[in-house]
Amino acid sequence: MDEHKHISPNTISNEMLLQYTEGKLSDADTRMVEEAMANSVFVGDAAEGLYELENRDAINDIVGDLNKKLKTITQQQKKRLQKHKPLDINWIVIAILVLAIVAVGGYLAIHFLVKTK
Amino acid sequence: MKYLKNETQAKDAVQQVFLKVITELAKYKVTYFKSWVYLVAKNHCLMQLRSKGKVILHEEMPDITVHEDLDIAGLLHKDQDVVLLKQSVEELNQEQKICVTLFYLNDKSYQEIAAATGYEMMKVKSYIQNGKRNLKILLDKKMKVNK
């Protein structure tokens, strides 16, 4: 119990849930996990899923492997998004301003030339 | 694992659900994130099972509603609530009544309840979960009538 004193039934850790399925928890912690299972179908289903797992010792490797794969996939997606990123709005505004200045400047120059002739 | 019963399929499902959550999260305003992720994951698993033509029995698939917490211990401190609670427990089906009583009123663990009743441990879990949800519905009805 001492190990998990800070844990409420709403925040059951993966480790605690795993220890529960292996029957390694104290009576008080077992009660806490079971109350969490009764309160949340999510926790209940997670515990049931752990029971289905043949090699529970490998769970940390499985989670690590999944995290690594997900990180790779999300980074690839991020790169793809950055490649096809639309033009920065600031550059569009600057380009419009430059065009406007050139147009007005051109008009004034032509106007001035015509007048001096 | 609970639904797919296959490690490789479960791993694939985790990846797909994770990616789905990332894309879908931008589309909706999610108030209860945990409940929402649970529903996305569960629906994904059910779709996988359906696409493989697997029949899902009602018994195996309890209500997916993530219910509000019912403070049974708190109710036991008020006399009127105790009467309503006892009446409601009596209205539960036999399995739920036994499991809820042993778990909440006699403080027994799932394992002890399984040993005493002969039910499988996961059935005990399911009876308690569903029993608690039904208790809340029954209690809400009774409290509304009393008002």
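**Entry 1: helix α5 of chain A**

I note that the model is a predicted one. I then looked up the extent of helix α5 of chain A, which runs over residues 89-116. From its first C-alpha to its last it reaches 41 Å, close to the 40 Å expected at 1.5 Å a residue.

I next examined the surface for nonpolar side chains. Ile89(A), Ile92(A), Val93(A), Ile96(A), Leu97(A) and Ile101(A) form a nonpolar patch, and together they have about 590 Å² of accessible area. I placed one of these residues, Leu97(A), in helix α5 of chain A. For the spacing of such positions I recalled that an α-helix has 3.6 residues a turn, so residues three or four places apart point the same way.

**Entry 2: Ala47(A)**

Which residues is Ala47(A) in contact with, leaving aside its neighbours within four places in sequence? I found Leu17(A), Thr21(A) and Met37(A). For Met37(A) I also looked up the separation: 10 residues in sequence from Ala47(A), and 7.9 Å in space, C-alpha to C-alpha.

**Entry 3: chain B as a whole**

I turned to chain B and counted 7 helices and 0 strands. Along the sequence I read the pattern α-α-α-α-α-α-α. Of the 147 residues of this chain, 39% count as buried. Chain B exposes about 9100 Å², of which carbon and sulfur atoms supply 55%.

**Entry 4: backbone angles in chain B**

Most residues other than glycine have a negative phi. I recorded Lys5(B), which is not a glycine, with a positive phi of about 60°. Its place is in the segment before α1 (7-25) of chain B.

I recorded Asp107(B) likewise: it is not a glycine, and its phi is positive at about 55°. Where does Asp107(B) lie in chain B? I found Asp107(B) in the loop between α5 (94-105) and α6 (110-117). Its relative accessibility is 53%, so Asp107(B) counts as exposed, the cut-off for that being over 50%.

Notes:
Residues are numbered from 1 along each chain as its sequence is written. Chains are lettered from A and ligands numbered from 1 in the order in which they are written. This is a predicted model: local features need pLDDT of at least 70, side-chain atom pairs count only at pLDDT 80 or more; totals for chains, interfaces and linings use all residues. Side-chain values use heavy atoms; hydrogens and water are left out. Helices (H or I, at least four residues) and strands (E, at least two) are DSSP runs, numbered from the N terminus. Buried means under 20% relative accessible area, exposed over 50%, partly exposed in between (1.4 Å probe, protein chains only). Accessible areas come from the Shrake-Rupley method with a 1.4 Å probe; for residues, only the protein chains shown count as cover. The expected span of a helix is 1.5 Å times one less than its number of residues. Patches are made of residues with over 30% relative accessible area and no salt bridge: like charges are joined within 9 Å, nonpolar side chains (Val, Leu, Ile, Met, Phe, Trp, Tyr) within 5 Å. A salt bridge is a side-chain nitrogen of Lys or Arg within 4 Å of a carboxyl oxygen of Asp or Glu. Contact means heavy atoms within 4.5 Å.
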